[in-house]
Amino acid sequence: MVEPVGNHYVIARPVYSENAFNEEHGKLHRYHKTFWDHLKLYFSCSPQRVKKIALRLFPVFSWLPAYRFREWILSDIVSGINTGLVAVLQGLAFALLVNVPPSYGLYAAFFPVLVYFIFGTSRHISVGPFPVLSLMVGEVVTRLVPDDSTGNGNSTNTSAINDERVMVAASVTFLSGIVQLLLGILQFGFIVIYLSQSLISGFTTAAAIHVLVSQLKFMLQLPVPGFNKPFGIIYTLESIFSQITKTNVADLVTSLVVLLIVFVVKEMNDRYKEKLPTPIPIELLVTVLAALISYFVNFEEKFQVAIVGKLEEGFQVPVAPDVGILQNCIGDGISIAIVGFAVAFSVAKVYSIKHDYPIDGNQELIAFGLGNIVGGSFKGFASSTALSRSGVQESTGGKTQIAGIISSVIVLVVILAIGFILAPLQKSVLASLALGNLKGMLMQFKEVAILWRKDKYDCVIWVVTFIAAVLLGLDIGLATAVAFQLLTVVIRSQIPSCTVLANVGRSNIYRNRKDYTDIYEPEGVKIFRCSSPIFFANIEFFREKLITAVGFNPLRVLRKRNKALRKIRKMLKKGELQVTPKGLICMAKPTYESDEELDNDKIEELDQPTVMTDLPIRINWDTDLPPGITVPQVKLHSIILDFSSVSFLDFSAMTVLRKTLKEFARLDIDLYIVGAHEGLLDKLERSAFFDEEIKPSMFFLTIHDAVLHILLKKDIANSPKLKLAEEKGRSSDYAIIPRNGLRSRECTIPTETKF
């Protein structure tokens with residue numbers, strides 16, 4: 001019963017072990033579903049289940065009938081127009097990262113949006129090209145279709161190379177879509193949990209560096225080949241600086257001016273976003289202005305600049321992926337699929353929390369997978385969601401994916417009708433627009449200092465991910481980063497936090513004894529906590545920390561005792577020792593034997609429990625032993641292991657833990673495990689963990705229960721009255737009174753048992 005007393009509480013209950021608690025309160029047997037039960041449920045069929053599955057596969061039918069037309073349509077139209085204009089320009093710019101003609105960027109900005117409208121669960125993200133994915137696809141393109149090494153830059157040869165590159169980009173996109181679709185069908189949406197926020201941040205920042213370096217050749221108009229290999233970024237910079245004197249000044253100046261204008265206006269949009277009705281479409285204004293200048297001024301003759309080339313009007317005929325290409329980029333397809341989903345899901349999660357609606361990771365995989373399959377079939381490249389574009393769609397009032405449909409209509413108009421206006425646009429302008437969208441990712445460098453203060457492991461993950469992705473490439477870098485991140489998890493779980501606890505404030509509260517001054521430690525009792533799962537990788541660490549905490553190695557002490565017993569038996573047999581009421585007295589000069597001689601005789605017996613039944617006296621190891629016999633003294637009589645933070649215990653750990661507990665038990669030390677999660681006791685029983693030395697009665701509900709049990713047991717042993725009451729079965733009825741000022745809010749202990 002709990003009775004409030006001011007801001008205190010008083011608890012009156014018996015001291016409970018796990019077994020006593022379950023016996024008194026009658027623990028129910030619950031049926032746990034088996035794998036076959038889940039399988040039957042998964043394949044069961046009913047009208048309600050069919051409807052639920054249909055709505056889950058086609059989320060559009062769950063929110064579209066409830067669409068608030070009058071309230072939302074205007075906001076979605078305005079948002080869709082703004083997002084569509086940005087999508088057009090980003091599609092053109094990010095196509096340069098893929099090393100394909102810019103017109104194919106429009107396909108990547110169109111088809112995935114239509115698919116996501118039907119299958120996606122987020123209402124606010126803008127689906128389409130993303131610079132990191134575009135660069136990853138571009139690395140595959142340059143690896144499989146390198147630049148023309150013969151220097152024959154005629155239009156026929158360039159067109160053939162472009163066609164091959166488009167096919168590679170489409171094939172790897174199709175493959176990544178297949179991977180995402182399969183992961184979604186197999187319910188692998190949880191895979192994103194293995195990509196931490198620190199890893200994603202470091203990876204996208206490294207990708208931004210790759211984008212920056214890859215666009216330098218367009219800004220400087222230098223013939224720089226692609227280096228898709230480890231340390232390729234260094235080779236690229238070396239090639240750029242070796243040709244720096246050949247820079248096209250007109251393109252460089254144009255790029256810097258465009259970049260400066262875009263950067264300044266974007267800063268204004270961010271600073272005054274609450275006052276502006278809609279962000280200034282600076283990319284659109286710059287693009288239109290640059291296209292008009294390029295159209296009316298013959299830049300090719302005056303400044304010798306390269307232009308985008310003719311944007312093809314209309315749609316390309318859908319094609320099947322090239323099987324040969326698919327075989328050469330399986331790893332790339334998997335990494336592109338995972339990175340694309342991780343980024344999109346992270347952004348979608350932010351908006352779902354902000355606007356309070358659920359998203360389904362598995363359905364998102366299906367939506368992006370189908371989007372990439374369709375986009376790849378129409379010669380587009382991989383899509384995800386760009387942070388800046390999604391920010392535009394949400395900040396301009398977008399309520400649903402109707403805004404996405406409106407944005408795709410804008411892209412469609414450009415593809416079918418007005419693409420020719422953008423034909424004279426300089427590649428240096430598109431390169432500047434691509435770099436202008438990297439500000440958010442490059443600003444992530446600030447996170448390093450923040451992470452160092454908050455969590456040094458996360459900071460190290462960020463730095464290692466960034467360095468690996470920059471130097472080794474995005475694909476190898478991502479694999480390295482994931483492996484390193486999992487290694488840090490292993491290290492952290494392999495070296496758990498282990499502490500010795502003490503009673504704080506004479507209450508039922510136990511904390512690290514190093515953190516408080518007002519502590520109480522029961523004499524001869526050690527309370528040890530491990531704040532981690534215990535498994536094969538850290539069980540030896542757990543054992544070592546426990547030995548350090550108690551101050552002695554139980555196996556060493558046990559062996560010393562057994563060696564001492566061997567010596568005592570031989571001395572008694574030779575008449576060198578005599579039993580008296582005062583103990584053992586040495587009657588003659590003993591003959592000493594080395595430890596090696598004792599060890600070589602049945603050494604396996606040294607690890608067994610000490611047996612004194614054949615001796616005329618029971619030896620007290622704390623009293624003086626005969627000359628020449630020394631055994632480490634053990635001041636402990638009880639050890640409490642706090643398992644409240646131990647989420648699981650594997651079989652390997654059980655074996656070592658059982659062995660360790662036996663070693664302590666053979667020294668006549670009582671062992672108690674407290675706070676174990678439900679099911680651990682059953683698991684240990686199924687694993688044959690218990691025997692004559694290790695019993696289920698060692699489990700208690702809380703640390704305080706175990707401490708009170710120990711104190712009561714000690715008092716019963718020292719008090720004839722309590723011992724008699726205990727024999728009559730009435731020990732649990734004693735009122736509990738604090739010892740040394742234990743406050744009444746804690747718990748009850750028998751009258752003679754005090755702190």
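Modeller: The expected span of a helix is 1.5 Å times one less than its number of residues. What you are looking at is a predicted model, in which local features need pLDDT of at least 70 and side-chain atom pairs count only at pLDDT 80 or more, while totals for chains, interfaces and linings use all residues. Residues are numbered from 1 along each chain as its sequence is written, and side-chain values use heavy atoms, with hydrogens and water left out.

Biologist: Okay, how many helices and strands are there in the protein chain?

Modeller: The protein chain has 31 helices and 13 strands. Of its 755 residues, 49% count as buried, meaning under 20% relative accessible area, with exposed being over 50% and partly exposed in between (1.4 Å probe, protein chains only).

Biologist: Which residues in H25 are buried?

Modeller: Ile539, Phe541, Phe542, Arg543, Leu546, Ile547, Ala549 and Val550. The cover over them includes helix H24 (474–494), helix H26 (554–574) and helix H28 (651–665), along with strands E5 (498–504), E8 (525–530) and E11 (638–642).

Biologist: What should helix H12 span at 1.5 Å a residue?

Modeller: H12 (residues 249–271) has 23 residues and should span 33 Å; its end C-alpha atoms are 33 Å apart, which agrees. An α-helix has 3.6 residues a turn, so residues three or four places apart point the same way. Keep that in mind for the buried residues of H12: Ala250, Asp251, Ser255, Val258, Val262, Val265, Lys266 and Asn269. H30 (residues 703–718) agrees as well, since its 16 residues should span 22 Å and its end C-alpha atoms are 23 Å apart.

Biologist: Now for pairs of helices. How do I describe two packed helices?

Modeller: You use the angle between their axes and the distance between the axes. Axes are lines fitted to C-alpha atoms, for helices over the stretch in contact, and angles run from 0 to 180 degrees between N-to-C directions. Here, the axes of H8 (residues 131–144) and H16 come within 10 Å and cross at roughly 170°. That makes H8 and H16 roughly antiparallel (over 145 degrees; under 35 is roughly parallel, 65 to 115 roughly perpendicular and the rest oblique). The contact (heavy atoms within 4.5 Å) is made by Val132, Leu133, Met136, Val137, Val140 and Arg143 of H8 and Asp332, Ser335, Ile336, Val339 and Gly340 of H16.

Biologist: At what angle do the axes of H16 and H17 cross?

Modeller: Roughly 125°, for H16 (residues 330–355) and H17 (residues 361–377), whose axes come within 11 Å. H16 and H17 are therefore oblique to each other. Phe341, Ala344, Phe345 and Ala348 in H16 meet Gly361, Glu364, Leu365 and Phe368 in H17. Next, the axes of H5 (residues 69–98) and H8 come within 7 Å and cross at roughly 35°. In that pair, Phe94, Leu97 and Val98 of H5 meet residues of H8 including Pro131, Ser134 and Val141.

Biologist: Last one: what about phi of Phe231?

Modeller: Most residues other than glycine have a negative phi. Phe231 has a positive value, near 65°, and sits in the loop between helix H10 (197–220) and helix H11 (232–242). Arg506 has a positive phi too, near 55°, in the loop between E5 and strand E6 (510–512). Phe231 counts as partly exposed at 39% relative accessibility, whereas Arg506 counts as buried at 18%.

Note on methods:
Helix = DSSP H or I, 4+ residues; strand = E, 2+ residues; numbered from the N terminus.
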